[in-house]
Amino acid sequence: MTQINASGTSGSGIGARNSNHGESLGHPRECSYKDFINAKPKTFDGTGGVSTLTRWFEKTESVFEICACPEANKVKFVTCTFQDRALSWWNGYVKSLSLPVANAMGWDDLKILMLAEYCPRGEIQNLEQELWGLTMKNSDIVAYTARFNNLAILCPWMVSTESKKVERFIWGLSPQIQGNVIAANPITFGSAKRLA
C-alpha cells in the first residue's frame, strides 16, 4: 500500500526509496566504487614529483567531494587508480601489512606516505625556500597571487593556518599595496587577495 509521508511524497513506509536519487528518505546513499570511477579520478603512476602528486591529491579530493565518498572507502577506492611505479609501491606496502589493514588507513595518512615516497626532499626544500622568499615583482599582483597559490598548495605545512597564509601573502606584497591590505586587517586569504 502506498502512503504519503510527512514531506508529501509517496512511498511504502519508513525507509522508502526516493526514486529520483536512489536514496532512502533522510539517509543519503553511500558512495560505491562505481560512483567513484564515474566521477573520473585521475590515475597516478608515481612520476612527476611534488607538483604532479599535489595536483593528483587535489583532483582526488574533488572526486571524493563529488561522490560523497566516506572516509572508510577513500584509500580502498583511490589505490585502484595507481599504475606502474605507484602500483608496485602500493603492492609492496600491502604485503608488509595486509590488504585490510592498508585499506583501513586514513586518506591523510596515505598522503603523508605518498609525499615521503614520491617527493624528493631537495625538491620540497626548493619550493619551501621559494615560498618563504616570494615577493611581488613590479606591480604584477596577478602573477604573484598565482605563484603564491601554487606554492601554498605544494607546501601546505608552511601556511598551515589561515592566519599564517594571510600573513605570508601580505608579507610578499609591494610596500604600497601591503600597507593598504594590513590597514584593512583581512582575516581570510580570500579577503586578502581581494584587497590586494
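**Before you start**

This is a predicted model, in which local features need pLDDT of at least 70 and side-chain atom pairs count only at pLDDT 80 or more, while totals for chains, interfaces and linings use all residues. Residues are numbered from 1 along each chain as its sequence is written, and side-chain values use heavy atoms, with hydrogens and water left out.

**Stop 1: the largest pocket**

Rolling a probe the size of a water molecule over the atoms shows where empty space is left. Here, a pocket is an open set of points on a 1 Å grid over the protein atoms alone, where a 1.4 Å probe fits and protein lies on both sides within 12 Å along at least five of seven lines. Lining residues have an atom within 4 Å of a point. Grid points are joined across faces, edges and corners, and the volume is the space filled by probe spheres set on the points.

Select T54, F57, K111, I153 and P156: of the 15 residues that line the largest pocket, these lie nearest its centre. The space in this pocket is about 310 Å³.

Which helices each supply at least two residues of this lining? They are α2 (49-66), α6 (107-118) and α8 (141-154). Helices are DSSP runs (H or I, at least four residues), numbered from the N terminus.

Now colour the lining by class. Nine of its residues are nonpolar, one is polar and five are charged. Ala, Val, Leu, Ile, Met, Phe, Trp, Tyr, Cys and Pro count as nonpolar, Asp, Glu, Lys and Arg as charged, and the others, Gly among them, as polar.

Stay with two of the central residues. K111 lies over the face of F57, at 5.7 Å from the ring centre. A charge sits over a ring if NZ of Lys or CZ of Arg is within 6 Å of the ring centre and within 35 degrees of the ring normal.

**Stop 2: the second largest pocket**

Next, select W132, M158, K164, E167, R168 and W171, which line the second largest pocket. This pocket holds about 170 Å³ of space. Helix α9 (residues 162-171) gives the most to the lining, with four residues. By class, the lining has three nonpolar, no polar and three charged residues.

**Stop 3: pairs of rings**

A pair of aromatic rings is described by the distance of the centres and the angle of the planes. Rings of Phe, Tyr and Trp (its six-membered ring) pair if their centres lie within 6.5 Å; planes under 30 degrees apart count as stacked, over 60 as edge-to-face and the rest as tilted.

How many aromatic pairs does the structure hold? There are 23. Select F36 and F77 to see one of them: the ring centres are 5.7 Å apart and the planes are at 40 degrees, so this pair is tilted. F36 lies in helix α1 (residues 33-38) and F77 in helix α3 (residues 71-78), so the pair ties together parts that are 41 residues apart in sequence. Both F36 and F77 are buried (under 20% relative accessible area with a 1.4 Å probe and protein chains only; exposed means over 50%, and partly exposed is in between).

Move on to F148 and F169, an edge-to-face pair with 5.3 Å centre to centre and 70 degrees between the planes. This pair links distant parts of the chain, with F148 in helix α8 and F169 in helix α9, 21 residues apart. F148 is buried, with a relative accessible area of 0%, and F169 counts as buried at 0% too.

**Stop 4: two positive phi values**

Most residues other than glycine have a negative phi, and most peptide bonds are trans. Select D84, in helix α4 (residues 84-97): its phi is positive, near 50 degrees. Is D84 buried or exposed? D84 is exposed, with a relative accessible area of 54%.

N138 lies in the loop between α7 (121-133) and α8, and its phi is also positive, near 55 degrees. At 71% relative accessibility, N138 counts as exposed.

**Stop 5**

P186 is found in the loop between α10 (175-184) and α11, and is buried at 12% relative accessible area. Draw a distance from P186 to I170: their C-alpha atoms are separated by 9.7 Å, and the two residues are 16 apart along the chain.

Finish in helix α11 (residues 189-195), where you will find S191. A polar atom of the S191 side chain lies 2.8 Å from the backbone oxygen of T188. S191 is buried, with a relative accessible area of 16%. G190 lies in helix α11 as well and counts as partly exposed at 22% relative accessibility. The C-alpha atoms of G190 and V166, 24 residues apart along the chain, are 8.6 Å from each other.

How values were computed:
A polar contact is a pair of N or O atoms within 3.5 Å; within protein, one must be able to donate a hydrogen and the other to accept it, and residues adjacent in sequence count only if both atoms are side-chain atoms.
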